[in-house]
Amino acid sequence: MNASGTDIVELDRIAVYEALRVVELAQEEDWERDTPCAGWDLRRLVAHMAAQHHGFAAAARGAGRDRAYWREPEDMGEPARTHRAAATAVLAAFAEPGATEREFALPELGASFPGRTAIGFHFIDYVVHAWDVAATLGTALDLSDDVLDIALVVARLVPADPAGRGPGFAFAPALDVPQDAGPLDEALRLLGRTPEHWPVKSR
């Protein structure tokens with residue numbers, strides 16, 4: 001998957017770094033804030049993000065079937081530090097030679113996928129989670145139009161079958177998209193988010 005010469009590993013790196021940036025804006029009093037992920041406060045959302053990073057890093061190295069790698073950290077006393085360590089691990093795993101050609105076992109999806117496809121899943125997840133955190137904190141998301149355009153392409157590929165959406169799944173049921181929606185808003189709505197409820201805009 002390429003866009004203007006930018007490969008999916010680079011796109012993913014951009015999304016992960018933006019998620020890192022917004023997570024590290026959080027102050028101590030922010031960790032108990034509600035997030036766009038129903039029922040999760042910011043601390044729980046960041047625990048989930050860290051777990052996904054470690055799980056995808058394991059998958060990139062052939063150990064994705066071991067669910068121990070996908071467990072949320074038990075110690076979330078310093079959420080930003082825990083999240084940064086996890087992000088560093090996944091970026092290193094994806095940057096290894098041949099990562100895009102390997103098979104990634106993703107137990108939450110019940111299958112294995114080519115590395116390029118799996119990293120695409122991680123990419124859209126972290127565009128959305130970066131927005132989740134930014135929305136929670138009421139701050140702006142800083143992702144270029146080129147990145148958001150590719151995020152929308154990937155979001156349109158995520159199966160919309162209601163049987164695979166909702167509680168216990170990665171995304172809520174898809175919502176209708178207004179005709180005037182920009183790429184970020186459309187991607188968010190396709191993945192079950194309601195951007196109009198959260199005062200955040202793209203750069």
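Author: Axes here are lines fitted to C-alpha atoms, for helices over the stretch in contact, and the angle between two of them runs from 0 to 180 degrees between N-to-C directions. The structure under discussion is a predicted model.

Reader: At roughly what angle do the axes of α2 and α3 cross?

Author: The axes of α2 and α3 come within 8 Å of each other. Angles under 35 degrees count as roughly parallel, and α2 is therefore roughly parallel to α3. The crossing angle itself is roughly 20°.

Reader: Is the crossing of α2 and α3 left-handed or right-handed?

Author: On the α2 side the contact includes R43, V46, M49, H53 and F56. On the α3 side it includes P79, H83, A86, V90 and F94. Where α2 passes α3, the crossing is left-handed.

Reader: How many residues in the contact of α2 with α3 are charged?

Author: Nonpolar residues number 13 in this contact. A further 4 are polar. The number of charged residues is 1.

Reader: Is H122 buried or exposed?

Author: H122 has its place in helix α4, residues 115–137. Leaving out residues up to four places away in sequence, H122 touches D12, V16, H53, F56, V90 and F94. Buried means under 20% relative accessible area. The value for H122 is 0%, so H122 is buried.

Reader: Which element gives the most residues to the largest nonpolar core?

Author: The largest nonpolar core has 60 residues, and F104 and F123 touch the most other members. The elements giving two or more residues to this core are α1 (8–23), α2 (42–60), α3 (79–95), β3 (103–106), α4, α5 and α6. With 13 residues, the element that gives the most is α4.

Reader: At roughly what angle do the axes of α5 and α6 cross?

Author: Helix α5 covers residues 145–157 and helix α6 covers residues 183–190, and their axes come within 9 Å. With angles under 35 degrees counted as roughly parallel, α5 is roughly parallel to α6. The crossing is left-handed. Its angle is roughly 25°.

Reader: How many residues in the contact of α5 with α6 are charged?

Author: The contact is made by L148, D149, A151, L152, A155 and R156 of α5 and by P183, L184, E186, A187 and L190 of α6. Of these, 8 are nonpolar and none is polar. The charged residues number 3.

Reader: Which residues does R156 touch, not counting those up to four places away in sequence?

Author: R156 lies in helix α5. Its relative accessibility is 52%, so R156 counts as exposed. Residues up to four places away in sequence being left out, R156 touches E186 and L190.

Reader: Which helices do the buried residues of α6 pack against?

Author: α6 is mostly covered, with 6 of its 8 residues buried. These are L184, E186, A187, L188, R189 and L190. The buried residues of α6 pack against α4 and α5.

Reader: Which residue with a positive phi follows α6?

Author: The phi of this residue is near 90°. The residue that follows α6 is G192.

Reader: How far apart in space are P199 and T139, C-alpha to C-alpha?

Author: P199 is found in the segment after α6. With a relative accessible area of 66%, P199 is exposed. P199 and T139 are 60 residues apart in sequence, while their C-alpha to C-alpha distance is 7.9 Å.

Reader: How far apart in space are A172 and A38, C-alpha to C-alpha?

Author: A172 is in the loop between α5 and α6. A172 is partly exposed, at 28% relative accessible area. In sequence A172 and A38 are 134 residues apart, and in space, C-alpha to C-alpha, they are apart by 9.5 Å.

Terms used: Residues numbered from 1 in each chain as written. Predicted model: local features only at pLDDT ≥ 70, side-chain atom pairs only at ≥ 80, totals over all residues. Heavy atoms only, no water. Helix = DSSP H or I, 4+ residues; strand = E, 2+ residues; numbered from the N terminus. Parallel < 35°, antiparallel > 145°, perpendicular 65-115°, else oblique. Left-handed = near helix turned anticlockwise from the far one by under 90°. Contact = heavy atoms within 4.5 Å. Nonpolar A, V, L, I, M, F, W, Y, C, P; charged D, E, K, R; others polar. Buried < 20%, exposed > 50% of the residue type's maximum accessible area, 1.4 Å probe, protein only. Core = buried A, V, L, I, M, F, W, Y, C linked by side-chain atoms within 4.5 Å.
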